[in-house]
Amino acid sequence: MGFPIVRHRRLRQSTGIRNMVRETHLTVDDFIQPIYVTYGKDVKSEIKSMPGVFRFSLDRLQEEVKEIAELGIPAVLLFGIPETKDSVGSSGFAEDGIVQEATRLIKSWYPELLVIADTCLCEFTDHGHCGMVHTTEVDGHICGDVLNDESLELLVKTAVSQAKAGADIIAPSNMMDGFVQAIRAGLDENGFNHIPIMSYSVKYASAFYGPFREAADSTPQFGDRKSYQMDPANAREALREAETDVLEGADMLMVKPSLSYLDIMRTIKDQFDLPLVAYNVSGEYAMVKAAAIQGWIDEKKVAMEILLSMKRAGADMIITYYAKDASRWLAEK
């Protein structure tokens with residue numbers, strides 16, 4: 001064999017060398033832990049399709065938040081399951097709504113822990129859609145359309161109520177056209193011009209959301225969300241969605257889900273100079289958990305490899321149900 005022989009393995013021969021030349025690093029500062037809060041007393045109920053993830057009533061919430069804070073995780077993403085639902089999701093923007101009450105408690109216990117409020121209506125509407133709907137009956141079946149502009153008014157009310165409760169970041173996930181501009185204007189008009197918007201800019205109509213819909217009790221009662229969430233086949237459309245949010249004033253962009261959309265994440269990262277958020281969604285978590293329970297995979301190694309792939313694809317932050325476990329695993333090194 002002629003000289004020079006390229007010896008790539010020289011930089012892989014020991015742990016020390018591999019650590020020094022490693023290109024991508026995960027830290028606890030990358031993680032955002034989702035939390036589900038619900039009504040009732042003394043509730044800590046495990047979500048069947050998401051082993052290790054629980055719904056907490058407000059009187060049990062502190063034990064979860066304390067653990068998160070002590071691990072050094074910088075932020076939580078709040079989802080609420082209300083006691084009552086209606087056609088406009090009024091409990092989502094009520095002053096004493098479940099997310100608003102949880103936010104006040106968390107900020108009183110741990111002021112430095114960032115509270116990100118998911119701004120959507122699907123958990124709060126009796127029809128399970130992310131805004132107001134117009135329904136009709138066709139051949140005995142309920143059909144309906146989600147009303148875009150009318151929904152924006154409700155989403156603004158929700159965002160403002162969350163900011164008033166103390167949320168540090170507003171994260172609108174509804175995918176209505178114009179939602180970032182509307183929420184930005186609403187926040188600014190109410191004195192919250194300092195509150196950033198973490199936009200669910202590129203949110204696909206994905207089958208990976210199944211366990212979340214159990215957790216948040218948000219399954220649509222008719223139809224689906226394909227008229228407002230993106231077609232998984234489309235990549236160029238993701239650029240248009242992200243560009244619109246940038247022009248409307250988003251401070252952070254998100255791709256959801258992430259594991260099957262790493263190419264989209266890299267494209268968004270390369271095109272836009274804003275922080276990028278990956279959402280390691282419920283179905284991605286559930287698949288790893290299920291295989292680990294069966295003994296088919298090494299849970300720690302697989303979970304960390306997935307999170308590392310998202311960071312490598314360009315994520316600055318990762319919303320993940322593995323935030324607590326990953327933080328412990330990183331501390332073991």
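Predicted model: local features only at pLDDT ≥ 70, side-chain atom pairs only at ≥ 80, totals over all residues.
Local features were taken at pLDDT of at least 70 and side-chain atom pairs at pLDDT 80 or more, whereas totals for chains, interfaces and linings use all residues. Residues are numbered from 1 along each chain as its sequence is written, and side-chain values use heavy atoms, with hydrogens and water left out.

A nonpolar core was defined as a set of buried Ala, Val, Leu, Ile, Met, Phe, Trp, Tyr and Cys residues joined through side-chain atoms within 4.5 Å. Residues were classed by relative accessible area as buried (under 20%), exposed (over 50%) or partly exposed (in between), with a 1.4 Å probe and protein chains only. The largest nonpolar core holds 95 residues, and the members that touch the most others are Leu77, Leu187, Met198, Val202, Ile268 and Tyr279. The element that gives the most to this core is helix H4 (residues 148–165), with 7 residues. Helices (H or I, at least four residues) and strands (E, at least two) are DSSP runs, numbered from the N terminus. With neighbours within four places in sequence left aside, Ile268 is in contact (heavy atoms within 4.5 Å) with Val202, Ala238, Leu239, Ala242, Leu253, Val255 and Leu276. In soluble globular proteins, nonpolar side chains tend to be buried together.

An unreviewed UniProt entry annotates Cys120, Cys122 and Cys130 as "binding site". UniProt positions follow the numbering used here, feature names are shortened, and annotations may be inferred rather than shown by experiment. Cys120 is in the loop between strand E5 (114–119) and strand E6 (133–138), and Cys122 is also placed in the loop between E5 and E6. Cys120 counts as buried because its relative accessibility is 0%; Cys122, at 6%, counts as buried. The "binding site" feature is also placed by UniProt (unreviewed entry) at Glu241, a residue of helix H7 (residues 236–248). Glu241 is buried at 17% relative accessibility. Beyond its neighbours within four places in sequence, Glu241 is in contact with Met175, Ser201 and Met230.

Rings of Phe, Tyr and Trp (its six-membered ring) were paired if their centres lie within 6.5 Å, with planes under 30 degrees apart counted as stacked, over 60 as edge-to-face and the rest as tilted. The structure holds 8 aromatic pairs. In one of these, the ring centres of Phe54 and Phe56 are 6.2 Å apart and the planes are at 50°, so the pair is tilted. Phe54 is partly exposed at 24% relative accessibility, whereas Phe56 is buried at 2%. Tyr200 and Tyr279 also form a tilted pair, with ring centres 6.3 Å apart and planes at 55°. Tyr200 lies in strand E9 (residues 198–203) and Tyr279 in strand E11 (residues 276–280), so this pair ties together parts that are 79 residues apart in sequence. Tyr200 is buried at 1% relative accessibility, and Tyr279 is buried with a relative accessible area of 1%. One aromatic cluster is formed by Tyr36, Phe79, Tyr285, Tyr321, Tyr322 and Trp329.

A charge was taken to sit over a ring if NZ of Lys or CZ of Arg is within 6 Å of the ring centre and within 35 degrees of the ring normal. The charged end of Lys44 sits over the Phe54 ring, 4.8 Å from its centre. The charged end of Lys256 sits over the ring of Tyr209, 4.8 Å from the centre of that ring.

Salt bridges (a side-chain nitrogen of Lys or Arg within 4 Å of a carboxyl oxygen of Asp or Glu) number 17. Lys324 is buried at 13% relative accessibility, and Glu64 is buried at 9%. Arg266 and Asp270 form a salt bridge at 3.0 Å, N to O. Both residues lie in helix H8 (residues 262–271), 4 residues or about one turn of the helix apart. Arg266 is partly exposed at 32% relative accessible area, whereas Asp270 is exposed at 53%. Through salt bridges that share partners, Glu64, Glu67, Lys324, Asp325 and Arg328 are joined into one network.
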